[in-house]
Amino acid sequence: MITITFPDGASREYAEGVTGAAIAESISKSLAKKAVAMTVDGTLCDLADPVERDATVRIVTRTDAEALDLIRHDTAHVLAEAVQALWPGTQVTIGPVIKDGFFYDFQRDPPFTTDDLPKIEEKMREIIARNAPFTKEVWPREKARKVFEEMGETFKVELVDAIPEGEDVRIYRQGEWFDLCRGPHMVSTGHVGDAFRLTKVAGSYWRGDSSKPVLTRIYGTAWPDRKALDAYVTMLEEAERRDHRKLGREMDLFHFQEEAPGAVFWHSKGWRLFSRLIDYMRRRQDAAGYEEINTPELLDLALWEKSGHAEKFGENMYLSEIKDDRTYAIKPMNCPGHVQVFKNGLKSYRDLPHKVAEFGKVHRYEPSGALHGLMRVRAFTQDDAHIFVTEDQIAEECLKVNDLILSIYSDFGFDDVAIKFSDRPEKRVGSDEVWDRAEEALRSVLERTGRPWTLNSGEGAFYGPKLEYVLKDAIGRDWQCGTLQVDFNMPGRLGAFYIGADGEKHVPVMLHRALFGSLERFLAILVENTAGHLPLWLSPLPVVVATIVSEVDDYAREVARRLSQAGLVVETDLRNEKINYKVREHSAAKVPVILVVGAREKEEGTVSVRRLGSRDQRTVALETIVAELVEEATPPDIRRERARRARAGRPPEHRIDVVEVFEGFVVNDAAEGLSTNVFDSREEAVETARRILLERGGGVLSISTLAGVTERMVVEPAEAAE
Ligand SMILES: [Zn+2]
Ligand SMILES: [Zn+2]
């Protein structure tokens, strides 16, 4: 007899070799009916498997979380049977479960198209209705090889060959049809249910290798019930509507091309958006006490060997080939470079914490099949920073990083943030005492934020524990973005030290921190989250002035000039086209505000305002809309800073720069994140800067010319009376 323990702690004696089905039956008839699998000491097994020893057993029903992968895996088998029934001679390969569904790769000439999917789904429903039991058979390897060879299933033969000699092979049968499979499976095909759908067809290569045969991959999704399926399908449609690759085209942000796989060609609007993101990050970072640095993209391979990256990360690193006796690697990370900056010049404990940040362009090789728009690239920009601290400073600095991360996410509209905490792994460097303190520090961060968090036990890096930040977007998808890692290893490995209060050398602890991780990827997330409706402060082209008739071209130019003087980027659309056509086109390009002007607007000194996503149109005075848009285009951090200054009763101390460029003059206000269009004349630019400065209560106006001459003047609010 063996003792089976149940999740509620109760236990019972059974004969050795009792099956899950018999156990379920012994508990209750209704459980036996619902049971589809079981876990034995935590491992998911077939319900028909015998239990040979004392164990904890849980009966799994179709609605349990573990059953979801089984439903999907079973559906993949049903898909394969359906395909072979419809098109005999099609070869099957593999069909794994993936996030939200499954796929199955087939070899067939010609390949399947989406038009085939409804027919396949119909066949699948037939197979499910037949409700044949899934049965497991264990075959000797040689028999499996022979059977598949006779069937002409050459891919299966290759899979059997990959199984070590002497090991038996598992076959799962569903009626006549069978497949090589590790299992487990549910009881019968009927449990697949009707909440499944085939979603798309794609090309793939056998074993993901482009020198191997081309296969057709059929993707599908499956859920416990129709409601869950419908919710998922709606989400998919919404995701497709928001796809950043599609929106990126419509908004004219970027493109990719074959000569540079996984690297972005940013167009002017996309680069403006990218630059606005960096401007914002830079202001936040400056305010938080980081020093921005920049380190080489090519570094001697020897440094990467010393840092350990060559060994651990070498397969993803690009190496240089040049007539030089040294080999360089293009940096896949910024960390070793930052340690070099820290090491330059003797540091004392008074210099800590020392925070350095870089918008570092890194290159990492990814297989071409894994590339996906801006989401997954080979060249990207990290908003990377490293904080060198003493052990005593870990807790406080981690808290600060956490607060900065959450505040920044919130500015972009992401308030639903979950945190993953990974603690000490089996293999690690550093004493237990230091790990205790670092983990304690991260736990106190988690407690303070009050956000949901999960523990990934033992998943920390060998050099220290870490936090990972996961954003939930508008359609419920999770995106892991920020990280905070404590590192006891790299500074010592690269010879970094500081002089402590005791006059001795100490190795600093390094915190690795990224807020968005990859800025390219974050922009993709942002575009998808907003469906292209970017807030005015980020929008690369916030306003277009469009004419109804050509008689008002001058007035349209005047409106644009006024907006530009107020610091907004604006374009005019004076084409001889119908206004509805113009509005449609700019709406498709996701321009947030279209100002329509006709004879009446010109006469009254007004504009008609059309907002993206709204059919309403309202007519307002030009000065009213200028003030409204300027306010709305103010980045959230600057808005807060203004409010803070106002509360403190301190006048704003502004500096505005007029900078000569080849095409003319631009007005920049670094603190406000403002940069105007190019003005042809210096006078006009200076006048604009003066007006902006006065609107903000005065300050310093600087004018620098191409010749390198800089003039400064103080603009007092009293001048406003003139
Ligand atoms: Zn299987
Ligand atoms: Zn790092």
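**Packing of helices α13 and α14**

In this predicted model, Ile394, Ala395, Cys398, Leu399, Asn402 and Leu406 of helix α13 meet Arg437, Ala438, Ala441, Leu442, Ser444, Val445, Arg448 and Thr449 of helix α14. Sorted by class, the residues of this contact comprise 9 nonpolar, 3 polar and 2 charged.

Two packed helices are described by the angle between their axes and by the distance separating those axes. For α13 (residues 394-411) and α14 (residues 432-449), the angle is about 35° and the axes are 9 Å apart. The crossing of α13 and α14 is right-handed.

**Helix α17**

Helix α17 covers residues 553-565 and contains 13 residues.

The buried residues of α17 are Tyr555, Ala556, Val559, Ala560, Leu563, Ser564 and Gln565. After α17 comes Gly567, which has a positive phi, near 95°.

**The surroundings of His77**

His77 is part of helix α3, which runs over residues 67-86. The residue counts as buried because 25 C-beta neighbours lie inside 10 Å, against a threshold of 20 or more.

When neighbours within four places in sequence are set aside, the contacts of His77 are Gly95, Tyr172, Gln174 and Asp179. His77 can also be related to Thr189: the two are 112 residues apart in sequence, while their C-alpha atoms are 9.0 Å apart in space.

Phe6 belongs to the loop that joins β1 (2-5) and β2 (11-14). With 14 other C-beta atoms within 10 Å, Phe6 is partly exposed, since that class lies between the limits of 12 or fewer for exposed and 20 or more for buried.

Phe6 and Val715 are separated by 709 residues in sequence and by 80 Å in space, C-alpha to C-alpha.

**Confidence of the prediction**

The protein chain has a mean pLDDT of 92, and 99% of its residues reach 70 or more. Confidence is highest in strand β17 (residues 265-266), at 98, and lowest in strand β37 (residues 674-675), at a mean of 78.

Methods. Residues are numbered from 1 along each chain as its sequence is written. Chains are lettered from A and ligands numbered from 1 in the order in which they are written. This is a predicted model: local features need pLDDT of at least 70, side-chain atom pairs count only at pLDDT 80 or more; totals for chains, interfaces and linings use all residues. Helices (H or I, at least four residues) and strands (E, at least two) are DSSP runs, numbered from the N terminus. Two residues are in contact if their C-beta atoms, placed from the backbone, lie within 7 Å. The expected span of a helix is 1.5 Å times one less than its number of residues. Axes are lines fitted to C-alpha atoms, for helices over the stretch in contact, and angles run from 0 to 180 degrees between N-to-C directions. A crossing is left-handed if the near helix is turned anticlockwise from the far one by less than a right angle, and right-handed if clockwise. Ala, Val, Leu, Ile, Met, Phe, Trp, Tyr, Cys and Pro count as nonpolar, Asp, Glu, Lys and Arg as charged, and the others, Gly among them, as polar. pLDDT is the predictor's confidence in each residue, from 0 to 100.
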